Amino acid sequence: MAAARRTLVANLMRCRQHVLLSPSRCFRAAYSSSNSTPTTKVPSSVTINNKTYPTDDWYNVPSNVLASTPRKLHLQKDHPVSITRQILESKFSSPTYLYHNTLDPVVSVHENFDSLGFPPDHPGRARSDTYYINSTTLLRTHTSAHEAALFRARLSPGYLISADVYRRDAVDRTHYPVFHQMEGARVWDRTKVPNGDIAAAVYADLAKLPTHNVKVEDPNPPFHAERNPLQTSHHSAAEAEAIAAHLKRSLELMVVEIFTRAKKAAAKHDPNFVDEPLQVRWVEAYFPFTSPSWEMEVHYAGDWLEVLGCGVSKQELHINAGVPEQLGWAFGIGLERIAMLLFQIPDIRLFWSQDERFLSQFRGVSDDLELLKRFVPFSKYPACAKDVSFWLRATSAAGGNTAVANVHDFHENDVMEIVRNVAGDLVEDVRLTDQFTHPKTGRRSMCYRVNYRSLERTLTNVEVNEMHENVNKALVEKLGVEIR
């Protein structure tokens, strides 16, 4: 069992996990065309959560992602994502913290990027990374899209946002185009604390927090001029140090809660489970919205796991929100990532399953967290790997024409998106296995391995072959590639 735990932990720590299986021969098709032009059918409007939005040529939301917008797993009672949210929220009590769990996923480009200081050429703005409804409207890529509005509203000293977020990404067991984040923030107001002494006010609030007995490694100073700078134009050293101390204690308490419950679930599942003392360490980091910044790592099941990112909020965010007198901290955490650790769920696709064999394992837990237990796999169905090899369009920069790049140029996320849109949750992972540049023509060839596997049944060769043929057709139609 210890080996199985280490395997899951290793999978979660990888940015991209790939399963190598015996490949089929690279698919060769008669319908390929090196001169085909990428085509995309764009509806004139789209309705999301009962609101209708006009589209334009920026629209790139596939049907499978659109169908996911009403699901809101973080609000479904007894769903592991919702249970995880509930546990994390329990360490941030009202009225100090308000919970915002129903904010609409459709936001403006200004809210998602501009208000947070993203430069105009930031790669996150690209259509290869983000789902656009039109040139000014998109599906949020992070919960921070609501940060400025909540700072401006001054509804409470602190808040938690839990929400579905959307990103074009890899296809594997730990990535999905829709996932769920929790973001938290705590602020203090210079005009409201006694004598305007922020540091004293923060330390007074810190003294009210519970303590814990977990070993914490925090070898670095509260800030460092080069590695982890203080915002000298806005914060004193004493203020930043106090805010950091409050932030770290708050998050340590949250993580102790979640991993204590994970250990209880492990002990129920495995009578031979060896309980190890929980350890936490703070690592200097960089995030665009905070400075100084840290990542928290937790030693669990024999490995150090990166759990969350956090820091002292960039003062520009408060200034841009019209509340320059506020300062404080913020953090972000992925709910699926924590739920996979808590419940030992091996594949992110399972969170979207409506199979009763999955859902029934968590029934009643929302009302009684003591019922929490590890997920028990109901089956392991065989996989089927298929390769697709193609030449990129000669007119694209990626295909060998380096004179000019254009809006239709190749990006790997386009391949991921096409495969996922055709095969849905029947595709386990997609990975690049080979690439080749022709020495004479300069044209570029790519070969991807698509691993098909259902979480609920055995796929037949007939349906896999049909899906893969549709993938090939879609690659030709949408990317203009030439199948080899």
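Asn50 is exposed, at 77% relative accessibility (exposed is over 50% relative accessible area, buried under 20%, partly exposed in between; 1.4 Å probe, protein chains only). Its phi is near 70 degrees, a positive value in a residue other than glycine. This is a predicted model: local features need pLDDT of at least 70, side-chain atom pairs count only at pLDDT 80 or more, and totals for chains, interfaces and linings use all residues. Residues are numbered from 1 along each chain as its sequence is written, and side-chain values use heavy atoms, with hydrogens and water left out.

**Backbone**
- Asn50 sits in the loop between strands E1 (45-48) and E2 (51-54); helices (H or I, at least four residues) and strands (E, at least two) are DSSP runs, numbered from the N terminus.
- Asp78 also has a positive phi, near 70 degrees, but Asp78 is buried at 13%.
- The Ser94 to Pro95 peptide bond is cis, with omega near 5 degrees.
- The Ser291 to Pro292 bond is cis too, with omega near -5 degrees, and Pro292 lies in strand E11 (residues 290-300).
- Most peptide bonds are trans, and most residues other than glycine have a negative phi.

**Cores**
- A nonpolar core is a set of buried Ala, Val, Leu, Ile, Met, Phe, Trp, Tyr and Cys residues joined through side-chain atoms within 4.5 Å.
- The largest has 79 residues, and Leu251 and Phe331 touch the most other members.
- Helix H7 (residues 237-269) gives the most to this core, 13 residues.
- A second, separate core of 28 residues includes Ala423 and Leu475.

**His318**
- His318 belongs to helix H8 (residues 315-320) and is buried, at 0%.
- Beyond four places in sequence, its contacts (heavy atoms within 4.5 Å) include Phe151, Val187 and Leu327.
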